[in-house]
Amino acid sequence: MSDGVETLSIEEVARQFSRLRQADHLRLAALAQAWISGCPRREASELLNEALTRVLSGARPWPADVALPPFLSQVMRSIASQWRHEDQREPLLEDADIVRDESIITLNHDFTDLRERMRKALAGDPDGLGILEHILAQTSRKDVRAELGIDETRYDTARRRMIRTLHEHFNPGWTL
């Protein structure tokens, strides 16, 4: 590696895996189960297998100074995070034939409907609506202020007003 970290060779990795005891397998399965939460379309065994595949193929180099459980735990954490991001991605039009799960489609429609109702509730407040749009687009506070042409105080005031308006219109019992 270019950063000077010594990694195990594929043969050394295979040797480490061959030495695993049943208890080690159970611990790894428990770690996989912990990391897979939030990935409803995947299973813990799939996560563990993917992690092992990446390590054995050399796609995920194993630093020589890191023990097996923490290393595989972080590999699984990374893969699960990647899968969650992929699952959260809005389906594209060409993906429509692939997505057959009605609950996912319903959730997307529910969110779209809620987003539109929130926009309507803020229609009389251009700054509040602008802040909502930037929150939905995950834009930074600095970029929001620059695009809307407002200072810190006006931003904070508009954001509080936006939250108050949305709370009044959509209060299902949430607290601020």
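1. Starting with Glu-152: this residue is partly exposed, with a relative accessible area of 36%. Keep in mind that we're looking at a predicted model. Glu-152 forms a salt bridge with Arg-145, and the closest N and O atoms are 2.9 Å apart. Arg-145 is partly exposed too, at 23% relative accessible area. The pair belongs to a network of salt bridges that links Arg-141, Arg-145, Glu-152 and Asp-156.

2. On salt bridges overall, the structure holds twelve. One of them joins Arg-21 to Asp-24, with 3.7 Å between the closest N and O atoms.

3. Next, the aromatics. There are two aromatic pairs. Trp-62 and Phe-71 make a stacked one, 5.3 Å centre to centre with 5 degrees between the planes. Both of these residues are buried. Ring pairs also bring in Phe-17, giving a cluster of Phe-17, Trp-62 and Phe-71.

4. Ser-73 is in helix α4, which covers residues 68–88. Ser-73 counts as buried because its relative accessibility is 9%, and the cut-off for buried is under 20%. Setting aside neighbours within four places in sequence, Ser-73 is in contact with Leu-31 and Trp-35.

5. Leu-136 belongs to helix α6 (residues 126–136). With a relative accessible area of 33%, Leu-136 is partly exposed, and that lets it into the patch because members need over 30%.

6. Last, a backbone point to check by eye. Which residue other than glycine has a positive phi, near 60 degrees? That would be Gln-138, in the loop between α6 and α7 (141–148). Most residues other than glycine have a negative phi. Gln-138 is exposed, with a relative accessible area of 73%.

Methods: Residues numbered from 1 in each chain as written. Predicted model: local features only at pLDDT ≥ 70, side-chain atom pairs only at ≥ 80, totals over all residues. Heavy atoms only, no water. Phe/Tyr/Trp six-rings, centres within 6.5 Å; stacked < 30°, edge-to-face > 60°. Buried < 20%, exposed > 50% of the residue type's maximum accessible area, 1.4 Å probe, protein only. Helix = DSSP H or I, 4+ residues; strand = E, 2+ residues; numbered from the N terminus. Contact = heavy atoms within 4.5 Å. Salt bridge = Lys/Arg side-chain N within 4 Å of Asp/Glu carboxyl O.
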